[in-house]
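Please look over the structure shown here before reading on. The notes after it are grouped by topic, and they are meant to be read with the chains in view.

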Amino acid sequence: MNKNLPKWVDLGLIPLLTLLLAFAVSGLVVLSIGENPVEVVKVMLQGAFNPFGIGHTLYFTTNFIFTGLAVAVAFHARLFNIGGEGQAGLAGVGVALVMLSYDWPNWPVALLAGTLAAMAFGAAWAAIPAYLQAKRGSHIVITTIMFNLIAGALIGYLLVGPMQAEGSLPESAGFPEAAALPSLHVILGWFGIEFDRFAPANISLFLALVAAVLVWVLIWKTRLGYEIRAFGHSEKAAVYAGISPMKITMIVMLVSGALSGMMAVNTVQGEAERLVLGAVEGAGFIGIAVALMGRSHPVGVVLAAFLFGILTQGGAELQFTLGIPAQMITVIQALIIMFTGSLENLVRIPLEKLFIRAGKGAAS
Amino acid sequence: MSQMTENAGRLDAVAPAIELIGISKAFGPVQANKDISMTVAKGAIHGIVGENGAGKSTLMSILYGFYKADSGSVKINGVPTTINDSHDAIAAGIGMVHQHFMLVDNFTVLENVVLGAEEGATLGPSLRKARKELKRLADEYELDVDPDALIEDISVGFQQRVEILKALYRQAEILILDEPTGVLTPDEADHLFRILRNLKEQGKTIVIITHKLREIMDVTDSVSVMRRGEMTKTIATASTSPEDLAEAMVGRRVLLEVNKSPAQVGETVMQVKDLSVTDMHGVKRLKNVSFELKRGEILGIAGVAGNGQSELLEVISGIGAASAGEVLMHGEAIDISRHANAGLRRQRGIGHVPEDRHQRGLVMPFMTWENTAFGYHNEPEYSGRFGLANQKSMKQDAREKMERFDIRPPIPQLVASSFSGGNQQKIVLAREIERNPDLLLIGQPTRGVDIGAIEFIHQQIVNLRDSGKAILLVSVELDEIQALSDRILVMFDGVIQGERLPEDTNESELGLLMAGVDPEAKQ
């Protein structure tokens, strides 16, 4: 990334310091509403890590890994996919359609079918903006944002219309019992480890970790990843090397959409076991922050996703225990996004100066 | 004359126009300027030569207030002066003409001259004053430009005059020009030098930064040589030679000529027939261009930048599309439509060293081993199973290429942007030449490359020719075209203006052709 700084500073210290800055400012905000920041942190951490909370934290983390990876893959091709929200939403529809269309005999087959459906629907929803970008030059930021709105409206329509189950709630019928994915409680139980029975975290967490490894292989080990990165750094160079910008744009957005879509395996198939309204809950947007903070590297994405998982669950606890409004946690998340996303130079530039001076001292 | 200038006049005998004392400047770990002292006498034309990265531009940027020196001081006309920004520089009577012009394209000449020097809230009075002043300057210095022309409508040579006018309008007594002739035809360059001599006669002091030694010899009174951030030599131009200057720049004796034997020309490799290119705005960039290229020859395309050479390279290399015509490779037509793919060209034996290595030839944040396979990354030797890249073989290959082409430092893990211009170009050349193409397209092989590496690069090109390959060389450096080519085509406004053999022509004839004049038609 930067030749002036050692890798561990660039990838480790800078994100950490920006994060601390964001927390410091958040602390001031907390003070301003008359709460004790230390108390708030304590409640949040307890809320995120207590035996009940951790199951939720990991559940949110799973969502953010998928959407974070989606944004990260697109970033490597210098494409800004902010349509994770819509792609994940539509993928939920796909999962529901597949789950309801057949009486699935057991969970492994259901997982496979659900994952493929989620990927296909997520990718398909990304394909249209991708095609418009690649062929017509319509800016992908604009089109994916608009597609989020379209997806929201479409899902809303489906849930009060064709897909609505008998009864009054705008949600689909429940999925076949046998198709239920094993929760973390079940999986850890196989190894004799106790885990909260009602935790929503499920096998999708491992799916997310596998996805992270596969993304790493894709970006850094395959020829396609090489082409994606080349295209991301310089489109002119890519054309010179015989890499088709159209092809890369399409492939990257399909992969990105599929990754966003996989989130539905966690929420729709793993947790709700039916399609409900608002299943994505903003995770598509948090994915942007996760990718930025994780510097588009799968390891970074996983770590950042965990952090946002903690914040989300800890924030809920905050509201529950201290009566601090949920908006507070949104403020903190926004501060983190602001600091890690756009105010990074606040930390980077002084650090660079410091290292140059230290480097010179060592050299002379 | 005011009291002040009279005083300055009295000091004149002792006070030089510019005096830099012990200037040092570091960018991170790079010491761009090391304890540099330089004096330029009033009314002199002083040249600064040096390789890329020698610190010339940094030094002048310090003088103009773009950078702040870490240490050292500046005296202008004998008066210690602190220059913190360009306003200070202008106030001290310093004007600068940048290599890349800083003009607003959709403003008129007059508006550009006034921009930043407006007086009052309305533009009218400033514009009227500037119009009068421009007329005076035009008469005095041969600096005529239509004040109402839009910048985008006038040639580069005229744009440069606007830059000079801007400086003079701001009362500059000292004029710094950074690589002023890079974009000019020889004719325009001559005109520029006439302007500079006129300015000198009026007592202005001029500093020109250049890497063209011939210009230094032609136009300057004294010259300073920079090397690796240090000033190695300052000397009166009359008492030095291009060879001496080159040696001072590089630190060793340099061959300014290219050693090559007569071409052993074989059968035709490529035929270009009636090739035309129309750009997205509907402008014809290439108009019915036809030529042949044979084994064992270097065909040089001379011309001022922007006369269709780039489009020609782009079409043949599969990057750009032609609107008409055809290109035959070994007698077979190649795809020159917009569906062409540069990757397929490589399979047909066409290598390409692009004009712009930063944007095209290299992926700057890629490591060398990634760059040495760039464009060939799907070849079997770089491919593993399941779509994986064979990184081991890519790295090994990079190590070998770095050794054979003397790329320094020879570390395959370094990213392209951390190499000097010369070494970056060697990475591209190594990649393209080692593939042993039947036809190599080379654009601006030594742009931004230091003299030491130029020698090496030229030799590699000649060696490739001698091994029976065809080479299409595009360069805006006339010296380079003359030194390397076995045959020269001159392009002007998308047309081949003439074909010459290097031994039968000279610079002034080529210069006329480059300006669109056919010298034979005149006679």
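What follows is a short briefing on a contact between two chains and on a few single residues. The model is predicted, and every value given below was computed from it.

**Where chain A and chain B touch**

- The contact between the two chains draws 26 residues from chain B, while chain A contributes 19 residues to it.
- On the side of chain B that touches chain A, the elements that give two or more residues are α11 (342–347) and α12 (357–361) of chain B.
- Of these elements, α11(B) gives the most to that side, with four residues.
- When the residues on the side of chain B that touches chain A are sorted by class, 12 are nonpolar, 11 are polar and three are charged.

**B:A26, a residue in a strand**

- In chain B, the residue B:A26 belongs to strand β1, which covers residues 18–27.
- Is B:A26 buried, exposed or partly exposed? B:A26 counts as partly exposed because it has 17 C-beta neighbours inside 10 Å, a number that falls between the limits of 12 or fewer for exposed and 20 or more for buried.
- If residues up to four places away in sequence are left out, B:A26 is in contact with B:Q31, B:A32 and B:D70.
- B:A26 and B:I206 are 180 residues apart along the chain, and a distance of 26 Å separates their C-alpha atoms.

**A cis peptide bond in chain B**

- The peptide bond that runs from B:R408 to B:P409 is cis, and its omega angle is near -10 degrees.
- As for its place in the chain, B:P409 is part of the loop that connects α14 (391–404) with α15 (421–433) of chain B.

**Positive phi angles in chain A**

- A:E281 is a residue other than glycine with a positive phi, the value being near 50 degrees.
- This residue, A:E281, sits in the loop between α11 (245–272) and α12 (283–293) of chain A, and it is partly exposed because 14 other C-beta atoms lie within 10 Å.
- A:S296, although it is not a glycine, also has a positive phi, of about 60 degrees.
- Where in chain A is A:S296 found? A:S296 is located in the loop between α12 and α13 (298–322) of chain A.
- A:S296 is buried, since 21 other C-beta atoms lie within 10 Å, and the limit for calling a residue buried is 20 or more.

Notes: Residues numbered from 1 in each chain as written. Chains lettered and ligands numbered in written order. Predicted model: local features only at pLDDT ≥ 70, side-chain atom pairs only at ≥ 80, totals over all residues. Contact = placed C-beta atoms within 7 Å. Nonpolar A, V, L, I, M, F, W, Y, C, P; charged D, E, K, R; others polar.
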